[in-house]
Amino acid sequence: TPTMVSGWNHGNITRSKAEELLSRAGKDGSFLVRASESISRAYALCVLYRNCVYTYRILPNEDDKFTVQASEGVPVRYFTKLDQLIEFYKKENMGLVTHLQYPVPLEEEDAGDEPEEDTESVTSPPELPPRNIPVSAGPCETKELPVPAENPRAPEASRPSLSETLFQRLQTMDTSGLPEEHLRAVQEYLGTQLALDSELAKTGSSSLPHLKKLISQLCKELHGEVVRTLPSLESLQRLFDQQLSPGLRPRPQVAFEASPVNMVAKLSQLTSLLSSIEDKVKALLHEGPESPHWRSLIPPVTFEVKAESLGIPQKMQLKVDVESGKLIIKKSKDGSDDKFYSHKKILQLIKSQKFLNKLVILVETEKEKTLRKEYIFADSKKREGFCQLLQQMKNKHSEQPEPDMITIFIGTWNMGNAPPPKKITSWFLSKGQGKTRDDSADYIPHDIYVIGTQEDPLGEKEWLEILRHSLREVTSMTFKPVAVHTLWNIRIVVLAKPEHENRISHICTDNVKTGIANTLGNKGAVGVSFMFNGTSLGFVNSHLTSGSEKKLRRNQNYMNILRFLALGDRKLSPFNITHRFTHLFWLGDLNYRVDLPTWEAETIIQKIRQQQYTDLLAHDQLLTERREQKVFLHFEEEEITFAPTYRFERLTRDKYAYTKQKATGMKYNLPSWCDRVLWKSYPLVHVVCQSYGSTSDIMTSDHSPVFATFEAGVTSQFVSKNGPGTGDSQGQIEFLACYATLKTKSQTKFYLEFHSSCLESFVKSQEGENEEGSEGELVVKFGETLPKLKPIISDPEYLLDQHILISIKSSDSDESYGEGCIALRLEATETQLPIYTPLTHHGEMTGHFRGAIKLQTSQGKKRERLYDFVKTERDEPSGPKGLKNLSSQDPMKQWEPAGRPTPCGALGLNDVMNPSYITFGQPTRVKLTMSPSLDQPLPAWSYDPLPKDSSLGPGRGDSPPTPPSQAPLSPKKFNSVAANRGTCPRAQESRPGELGKGASETPQEDLPLSKPEMFENPLYGSVSAFPKLVPRKEQESPKMLRKEPPPCPESEAEGSKGTSKPAPTPFLSPAPRLRSFTCSASPEGRAASGDRGQGKPKAPAGSQAPVPAKRPIKPSRSEVSQQTPTPAPRPPLPAKSPAVLQLQHAKSRDYRDNCELPHHGKHRPEEGLLGRTAMQ
């Protein structure tokens, strides 16, 4: 094939890689061929001419002949092979911009493909039952077997016919037990009809009508019996099953003929029902006489707290009864209940961000007054457990029929090809090291459990049973499998609460191999995606190349998985998995190592013993690669506060086995954080990581299991209140003055595509106007020409939760050059608000999209979400004065760190900004992800340039750059900087007028605290350095406190257009959401490191957020146009041919026609909650 022979055929390389190779070649007439990204089986011919890349599509026709889609007026020529086509266009004046002269050769392949340390003899996949393989063999392939081949040499007469042979065989059999009419039917078939079937078989027919007739005759009575028995068994099964099981809804009785196919189906149904009934009864007996419906799922939990009364601290008991929906306040443990508040009277929980064990509860009294009660918990984990129980209570007793948020457990474990121990429940309870869950939250089951394993030696059924049994032990619930998908020894299992069965749909699974030569499944990824009501969720479990030195190969594995894993909505073909889901979680043995020399092994182990993880994380390859935007662009990862999870000596967790004697010499595997969980959510969507750690008691493998739990915002499948066809014409989304800045050398026109679940179908714009940008970038202006988008529902409650995905595509090849996401959660409608999204393609930064948006909705109010119940305030360091400051100043200023430029000519109070557009220095009405506040205590694991700096991705999904953690300045300067992790809703939804609403409208019952600023659900600091309120023993890594952390790096910041005041931030890229653990100094060391943090800022950046770009080869586009003042001789840009339109509807290259599994849609509603016994 040409692919094997031709050096110019680069196969599946990306468009940006092709541009880079051609730029490097630098000569006019340099060319290469790559696979088209927009049309399956098509190619793209890329040619360099005057420093610009021209792309021509090579399209196949029905006869697999190739044609180049060149300029209009040039006759179409067909070629049977790519080589012939290339040879032809090496001649001059054949319709291309210039003739083909210099083929660009393939790059040397990375030799990182040899078998790796743990897979020394990988030759074939493990012998597991085959899964996920479509059954393609039809029933026709073996039908000729009953007719033996004739032996031409045997004399005809000596050989009995097939019919006679079978008659003889029948006579030798004992047929005394057969009914007479059955025996007659068989003899009749052998006598006359067998020959007729034989003739049909010889002609190649797969149908044997006479045999079918015989079987139907024999099964007549059995069929009647089965039809009579099945409904009784189904009823019995429903009796023992509270939920309707998939596929077992009472079905209308249809008269079936007794054909073999129907009989096989009926019998298999019969056998599965019989075994299912046995399982159901066993489960019911196992759970004891009280049905799960009557048993309390979460027993009451009591917390010991301190509250100040008239300045005197008093011990009190707070008892949370989730089931009855009450919070009971008692003076003593055994004393009577002093007061109780029902769930309706508990208005808000406000966490202190300065004191990690302090909580304010706003309650409503009988007289409809609001009281502010303040409590100090034993530690931050207890406070978090209390908040989770109260949130659970709110959710449980909410009048909303559908949830606003769910909790998701993510687990990843490299099992080391060894069976698991008997007990693995600590994993599902998030117990062990790192950010763990408080015991008080043990009783709260997660809504969804996602378990990824690598080097998994078990069969699917066996592993599924172990998981369900463990979860039943922890939650007393029988979880429903949503999906199981396996690639060799890499497996992902998704389980959900039974009550969610009917909320989950569009289940889709896929895998990508990245092992040797990308064809072996010993390394690679498996993925599952589905809709949870109106929210799309994606989960990827990957096992990447091992070996400390194989970092670049791991990056390449990631890129391949990103490009070729086909999950989610197939209609979103321009977008890869990083834009297809509201929430995407990526877990697995990513195999990134601590990059230190092998002779430092003992030093590393010493640092682990002293819990000095920050020093080691400074050398973590994944954090380094993310910071340089090489991999996991715009993903987030919670702070790591647990020991490296690899490579342990098996059956102990006290010793790392970092050496391995091999035939080639000593192999080192330094302790590393190989097993990780990252996530990426759409901008301004609620997502909070509540735990991230590893277990300490599961020791069968050389890896420890890792857990992460999340609270994630979800939306319901909205039904318009206006009824069909009425009132929804009012909704409109208008994009104004938009332009895209692209890092490309392509010479073509561009247009936009808008995709969203709130649109009937995607909308395409007209072509934009190209202009030369700075740094060799191309600016595509769309001005006022963009189409107005009409949403299917205009209700604000629905529309403000939606997102618009944008893809900028080239007119020459219809390939996407960049994709981004805009949140419609705007702070004002009918008003023009600025928007911004970074543009990425195949996991690389390719540009920026800016402009304005105007949203029209129908009348209505967005209701408060259940996850808005828990918020966070930052305590004012300046005491009561803070109140005056807050009210006398522009509230917008309260959210801006010192030194941030005010863009757009200093917006006044009435100017409103769009939360999905926050470049450096953009103020906004929505709570933003900001630099951490300086009155926070030192996190025990704060480390210098690590993951919280801005290059790790725009905090809120694709939201734009915000300043990252900065070294502390003086609190006076910074007394109002927001310290929130932007995670929670990435929406930070407080309006300026509501700042501190809780405090200002309510009498302060206990302590005269300053007016709080509200933040939504930041993380608690379970292992952070504690304030004086917390007992010293609570500090999990005290040694860290004595170390003064190095100051955070500074760097340039980007102002809005026309502004270029510098602000200190580390990298030139979108910032991550800052967590409550930040790069700040301890209270004692604050001044010292603060001064250091105020080093000279670098030169200001330009108006575009810079992108690390390859230096362009001059001349630039503008110089090209000057050199060629008469453009006439240059052939026109590649034009569309009719063949394209025909092929555009063809299957897109990397995506499936249908990603629904056979069991899609069979979920049944549950008739009540399953319960749980109180744990010991």
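In what order do the five strands of the open sheet lie? The order is β4-β3-β2-β1-β5, and the pairing is mixed. This is a predicted model.

**The sheet**

Strands of a sheet pair through backbone hydrogen bonds, either parallel or antiparallel. Here the edges are β4, residues 66-68, and β5, residues 102-103. Each edge strand pairs on one side only. Strand β1 covers residues 30-35. Two bridges join β1 to β5, and these two strands run parallel.

Helix α2, residues 15-25, lies across β1, β2 (43-49) and β3 (52-60). It runs at about 165° to β1.

**The helix pair**

Now turn to helices α5 and α6. Helix α5 spans residues 180-202, and helix α6 spans residues 209-218. Their axes come within 8 Å. They cross at roughly 160°. Angles over 145 degrees count as roughly antiparallel, so α5 and α6 are roughly antiparallel to each other. The crossing of α5 past α6 is left-handed.

Which residues make the contact? The table lists them by helix.

| Helix | Residues in the contact |
|---|---|
| α5 | His182, Ala185, Val186, Tyr189, Gln193, Leu196, Asp197, Leu200 |
| α6 | Pro209, His210, Leu211, Leu214, Gln217, Leu218 |

How do the residues of this contact divide into nonpolar, polar and charged? Nine are nonpolar, four are polar and one is charged.

Methods:
Residues are numbered from 1 along each chain as its sequence is written. This is a predicted model: local features need pLDDT of at least 70, side-chain atom pairs count only at pLDDT 80 or more; totals for chains, interfaces and linings use all residues. Side-chain values use heavy atoms; hydrogens and water are left out. Two strands pair if DSSP finds at least two bridges between them. Helices (H or I, at least four residues) and strands (E, at least two) are DSSP runs, numbered from the N terminus. Contact means heavy atoms within 4.5 Å. Axes are lines fitted to C-alpha atoms, for helices over the stretch in contact, and angles run from 0 to 180 degrees between N-to-C directions. Angles under 35 degrees count as roughly parallel, over 145 as roughly antiparallel, 65 to 115 as roughly perpendicular and the rest as oblique. A crossing is left-handed if the near helix is turned anticlockwise from the far one by less than a right angle, and right-handed if clockwise. Ala, Val, Leu, Ile, Met, Phe, Trp, Tyr, Cys and Pro count as nonpolar, Asp, Glu, Lys and Arg as charged, and the others, Gly among them, as polar.
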